[in-house]
Amino acid sequence: ESRLVPFSDLELAAGQNADSPESSWFDTQGRWCEPPASWSSADPQALVLRQEVHRALEAAIHALPAGPRAVVMLRDIEGLPAEEACNILEISETNQRVLLHRGRTRVRRALAALLERR
């Protein structure tokens with residue numbers, strides 16, 4: 001075995017794929033540096049539900065009227081503080097709070113409807 005050279009070493013020696021993530025997966029002896037995680041621990045039903053919820057969340061946000069959608073996008077998706085959102089949208093802080101509340105309420109209702117069907 002000591003006379004064998006792993007293909008990964010040949011690629012690295014030739015300068016190929018040295019920056020690829022795969023090049024750090026194996027050591028110089030061709031053994032895993034860190035074994036891959038087991039796929040069997042992932043719950044397929046939970047993965048599907050998470051994807052469904054993500055799609056429903058995106059659809060609910062895009063279905064909002066323009067005002068609440070803009071505020072929800074800036075505050076909850078982009079993570080901007082209220083003051084910055086107000087400056088960008090040129091609205092008062094009170095109006096921003098109302099639009100954010102209305103937007104979040106509609107999104108919450110849409111997600112609740114999805115989860116009730118399950």
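This is a short walk through the structure above, from its overall layout down to a few single residues. Keep in mind that the model is predicted.

Let's begin with the whole chain. The secondary structure amounts to 5 helices and 0 strands, and from the N terminus on the order of elements reads α-α-α-α-α. The chain has 118 residues, and 15% of them count as buried. Its accessible surface is about 9,300 Å², with 54% of that belonging to carbon and sulfur atoms.

Now look inside. In soluble globular proteins, nonpolar side chains tend to be buried together. Here the largest nonpolar core has 8 residues, namely Ala 60, Ile 61, Leu 64, Val 71, Val 72, Leu 99, Leu 100 and Val 107. Three helices, α2, α3 and α5, are the elements that give two or more residues to this core. The largest share, 3 residues, comes from α5.

Two packed helices are described by the angle between their axes and the distance between the axes. For α2 and α5 the angle is about 145° and the axes lie 9 Å apart, and α2 passes α5 in a right-handed crossing. On the α2 side, the contact is made by Leu 49, Glu 52, Val 53, Ala 56, Leu 57, Ala 60 and Ile 61, while α5 brings Val 107, Ala 110, Leu 111, Leu 114 and Leu 115. Sorted by class, this contact has 11 nonpolar residues, no polar ones and 1 charged one.

Setting aside residues up to four places away in sequence, Ile 61 touches Arg 69, Val 72, Met 73, Ile 77 and Val 107.

That brings us to α3, which spans residues 66-77 and has Pro 68, Val 71, Val 72 and Leu 74 buried. What covers these buried residues? The cover includes α2 (44-62), α4 (82-89) and α5 (93-117). Arg 69 also sits in α3, yet Arg 69 is partly exposed, because its relative accessible area is 27%. Leaving out residues up to four places away in sequence, Arg 69 touches Ile 61, His 62 and Leu 64. Arg 69 and Leu 100 are 31 residues apart along the chain, and their C-alpha atoms are separated by 8.2 Å. After α3 comes Gly 79, whose phi is positive, near 75°.

Finally, compare two residues from the later part of the chain. Glu 90 is in the loop between α4 and α5. Is Glu 90 buried or exposed? Its relative accessible area is 73%, so Glu 90 is exposed. Glu 90 also has a positive phi, near 55°, in a residue other than glycine. Gln 96, by contrast, belongs to helix α5, and Gln 96 counts as buried because its relative accessibility is 1%. Which residues does Gln 96 touch, not counting those up to four places away in sequence? They are Val 71, Arg 75, Ala 82, Cys 86 and Ile 91.

How values were computed: Residues are numbered from 1 along each chain as its sequence is written. This is a predicted model: local features need pLDDT of at least 70, side-chain atom pairs count only at pLDDT 80 or more; totals for chains, interfaces and linings use all residues. Side-chain values use heavy atoms; hydrogens and water are left out. Buried means under 20% relative accessible area, exposed over 50%, partly exposed in between (1.4 Å probe, protein chains only). Helices (H or I, at least four residues) and strands (E, at least two) are DSSP runs, numbered from the N terminus. Contact means heavy atoms within 4.5 Å. Axes are lines fitted to C-alpha atoms, for helices over the stretch in contact, and angles run from 0 to 180 degrees between N-to-C directions. A crossing is left-handed if the near helix is turned anticlockwise from the far one by less than a right angle, and right-handed if clockwise. Ala, Val, Leu, Ile, Met, Phe, Trp, Tyr, Cys and Pro count as nonpolar, Asp, Glu, Lys and Arg as charged, and the others, Gly among them, as polar. Accessible areas come from the Shrake-Rupley method with a 1.4 Å probe; for residues, only the protein chains shown count as cover. A nonpolar core is a set of buried Ala, Val, Leu, Ile, Met, Phe, Trp, Tyr and Cys residues joined through side-chain atoms within 4.5 Å.
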